[in-house]
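The sequence and the structure are shown first.

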Amino acid sequence: MRKKLQIFISSTYVDLQEERQAAVEAILASNNIPAGMELFKAGNNSQWETIKKWINDSDIYMLILGGRYGSIEPNSKKSYTQLEYEYALSTNIPVFAVILSEDFLNKKAKADDTVIEHENKFLYNEFKDLVMKKMIKSVDDCKDIKLAIFESISELKEENDFEGWTRGISNSTYTNLTEQNASLIKENTELKEQLKQSPIAQRIIEDNNEFWNKSYVLNTHGLREFMESPYDSQLSITMHDIFMDLAPLIMVPIKLQQLKNNFEKILHEKHASDFYSLAIEENQFQNIKLQIYSIGLITLQNDNDGEENISLTQEGIDTLCRFGNLDK
């Protein structure tokens, strides 16, 4: 039975979503198992212990280093990404990093200057210097990330006798899973190529202009510092911004609770990075879901476990692409 290696993916979140997706696709395509921060809910007091356990249980730790340092843990004054990296080094787990080149970062910065660290530049440079001393590969785009992952996994397999993971199923089942994954990746790529501005998406945007521009007040809560000092606050955000945060996460079906967890992580990093955690009320998230559902942009379906899954409709994908073009 072929071993599968569990590979823990670490990075800042909001600025590297496409890069993380490329990493996940590459790891799956290499017949291995990705794991990372999407598994963990912000605000959980045992979050750090859970992350350490997942790193301990992983065969390889990989870092994607962009241009941001990330949210800072109050006690250590280091970013959570650096804490994960240093913890992985302390466990002697094989570690490698893909580092976005200056050209790659400059291209991203043209669309969004926040992908470059400004506030904690010195801390970022110190962390980057540490990473550069270990196994690294510089990348110029998402295709390079996939290639770097394939190469790094192959190199590490030559150097290490991994315990890995196996399941009591046939090789034909593994083959079917790989083929299904390849099919999903191909479909996702084709959808992204459909950037033609469809009349339906144009109508959805223009006919619902008031809906997209209306501010939505979210009641938020969390911890100011790790395991202490709770807070309650409010965040005003337009439905346009909510959709643009949510839509990339549901290009393929995702469990509704997992989507809420990921959405809270995005809000945390964008609007409350000085605090330890951020969460929103369940009823408000359900209301957002129903409003987007009401104009036909998402589909809802229960899986075999009775859990609700959510994904974009074709109209939702076209609207995301059209908004993406308009926002550039």
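In which helix is Glu-102 found? In this predicted model, Glu-102 belongs to helix H4, which spans residues 102–111.

Glu-102 has a relative accessible area of 48%. Because this value falls between the 20% limit for buried and the 50% limit for exposed, Glu-102 is classed as partly exposed. Lys-134, by contrast, is placed in a loop, between helix H5 (121–132) and strand E7 (136–139). Its relative accessibility is 42%, and Lys-134 therefore also counts as partly exposed.

Which residues does Lys-134 contact, leaving aside its neighbours within four places in sequence? The contacts of Lys-134 on this basis are Tyr-85 and Leu-89. Tyr-85 is also a member of an aromatic cluster.

**Aromatic pairs and the cluster**

A pair of aromatic rings is described by two values, the distance of the centres and the angle of the planes. The structure holds seven aromatic pairs. One of them joins Phe-8 and Tyr-61, with 5.9 Å from centre to centre and 10 degrees between the planes. Because planes under 30 degrees apart count as stacked, the pair of Phe-8 and Tyr-61 is a stacked one. It links distant parts of the chain: Phe-8 lies in strand E1 (residues 6–10) and Tyr-61 in strand E3 (residues 60–65), 53 residues apart.

Are Phe-8 and Tyr-61 buried or exposed? Both Phe-8 and Tyr-61 are buried. Together with Tyr-69, Tyr-85 and Phe-127, these two residues make up one aromatic cluster.

**Packing of helices H10 and H12**

For two packed helices, the description rests on the angle between their axes and the distance between the axes. Helix H10 (residues 239–246) and helix H12 (residues 282–294) have axes that come within 12 Å and cross at roughly 90 degrees. Angles of 65 to 115 degrees count as roughly perpendicular, so H10 is roughly perpendicular to H12.

On the H10 side, the contact is made by Met-239, Ile-242, Phe-243 and Leu-246. H12 contributes Phe-285, Ile-288, Gln-291 and Ile-292. Sorted by class, the contact of H10 with H12 comprises seven nonpolar residues, one polar residue and no charged residues.

Conventions. Residues are numbered from 1 along each chain as its sequence is written. This is a predicted model: local features need pLDDT of at least 70, side-chain atom pairs count only at pLDDT 80 or more; totals for chains, interfaces and linings use all residues. Side-chain values use heavy atoms; hydrogens and water are left out. Rings of Phe, Tyr and Trp (its six-membered ring) pair if their centres lie within 6.5 Å; planes under 30 degrees apart count as stacked, over 60 as edge-to-face and the rest as tilted. Helices (H or I, at least four residues) and strands (E, at least two) are DSSP runs, numbered from the N terminus. Buried means under 20% relative accessible area, exposed over 50%, partly exposed in between (1.4 Å probe, protein chains only). Axes are lines fitted to C-alpha atoms, for helices over the stretch in contact, and angles run from 0 to 180 degrees between N-to-C directions. Angles under 35 degrees count as roughly parallel, over 145 as roughly antiparallel, 65 to 115 as roughly perpendicular and the rest as oblique. Contact means heavy atoms within 4.5 Å. Ala, Val, Leu, Ile, Met, Phe, Trp, Tyr, Cys and Pro count as nonpolar, Asp, Glu, Lys and Arg as charged, and the others, Gly among them, as polar.
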